[in-house]
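These are my notebook entries on a single structure. I record what I looked up, entry by entry, with the cut-offs in use.

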Amino acid sequence: REVLPAPPIAQRTFPQNDEVAVFAEIYDDGKAPAHKIDIVAMIRNDVGTIFFKNEEERDSKELEGKRGGFGYTARIPMTGLQPGAYVLTVEARSRLSGNPAVSRQVRFHVTDTNSR
């Protein structure tokens, strides 16, 4: 209730006049030296055109040396997206060298506002 405006659902089709609320958790084991974490959320279509991009930076110092995670939230309006298929990607990458990015991709569809 504290991070999303409504209960979570697995809906993957949204009308153009809707807004999608995203919540992701990025975990850190707390063992590495202090570092920054870059979090990027993007919406792309099937040919790779980016329609939404949000970038945030977090600092491992926020965890005070403990294991834990960072919450990431975003509210993304579907306004401006044409009906069709899209992919939402949330990616996190530590700035420590040699650490690969971790990501989650979710495919969804946007429909015409009047077709719902």
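What percentage of the 116 residues of the protein chain count as buried? I find that 33% of the 116 residues do, where buried means under 20% relative accessible area, exposed over 50%, and partly exposed in between (1.4 Å probe, protein chains only).

**Entry 1. Basis**

I am working with a predicted model, in which local features need pLDDT of at least 70 and side-chain atom pairs count only at pLDDT 80 or more, while totals for chains, interfaces and linings use all residues. Residues are numbered from 1 along each chain as its sequence is written, and side-chain values use heavy atoms, with hydrogens and water left out.

**Entry 2. Overall make-up**

I looked up the secondary structure and noted zero helices and seven strands in the protein chain. The terms follow DSSP runs, with helices being H or I of at least four residues and strands being E of at least two, numbered from the N terminus. Along the sequence I read the pattern β-β-β-β-β-β-β. I then turned to contacts, meaning heavy atoms within 4.5 Å. Of those in the protein chain with a separation of 6 or more, 64% are accounted for by residues 24 or more positions apart.

**Entry 3. Ser 60 and His 35**

I located Ser 60 in the loop between strand S4 (50-59) and strand S5 (68-77). Ser 60 counts as buried because its relative accessible area is 10%. Its side chain reaches the backbone nitrogen of His 35 at 2.8 Å. I applied the polar contact definition: a pair of N or O atoms within 3.5 Å; within protein, one must be able to donate a hydrogen and the other to accept it, and residues adjacent in sequence count only if both atoms are side-chain atoms. Not counting residues up to four places away in sequence, Ser 60 touches Asp 28, Pro 33, Ala 34, His 35, Ile 37 and Phe 70.

I then looked up His 35, which lies in the loop between S2 and strand S3 (36-45). His 35 is buried, since its relative accessibility is 9%. Beyond four places in sequence, the contacts of His 35 include Asp 28, Arg 58, Asp 59 and Ser 94.

**Entry 4. The second largest pocket**

Which residues lie nearest the centre of the second largest pocket? I noted Tyr 27, Asp 28, His 35, Ile 37 and Ser 94, out of a lining of 15 residues. On a 1 Å grid over the protein atoms alone, a pocket is an open set of points where a 1.4 Å probe fits, with protein on both sides within 12 Å along at least five of seven lines; lining residues have an atom within 4 Å of a point. The space in this pocket is about 220 Å³, the volume being that filled by probe spheres set on the points, which are joined across faces, edges and corners. Strand S2 (19-28) and strand S6 (84-94) each supply at least two lining residues. By class, I recorded nine nonpolar, three polar and three charged residues in the lining. Here Ala, Val, Leu, Ile, Met, Phe, Trp, Tyr, Cys and Pro count as nonpolar, Asp, Glu, Lys and Arg as charged, and the others, Gly among them, as polar.

**Entry 5. Salt bridges**

I looked up salt bridges, each a side-chain nitrogen of Lys or Arg within 4 Å of a carboxyl oxygen of Asp or Glu, and the structure holds seven. One of them joins the side chains of Glu 19 and Arg 75 (2.9 Å, N to O). This pair links distant parts of the chain, with Glu 19 in strand S2 and Arg 75 in strand S5, 56 residues apart.

Glu 56 and Arg 58 also meet through their side chains in a salt bridge (2.7 Å, N to O).

Through shared partners, salt bridges join Lys 36, Asp 38, Glu 57, Asp 59 and Arg 95 into one network.

**Entry 6. Arg 12**

I placed Arg 12 in the segment before strand S1 (13-15).
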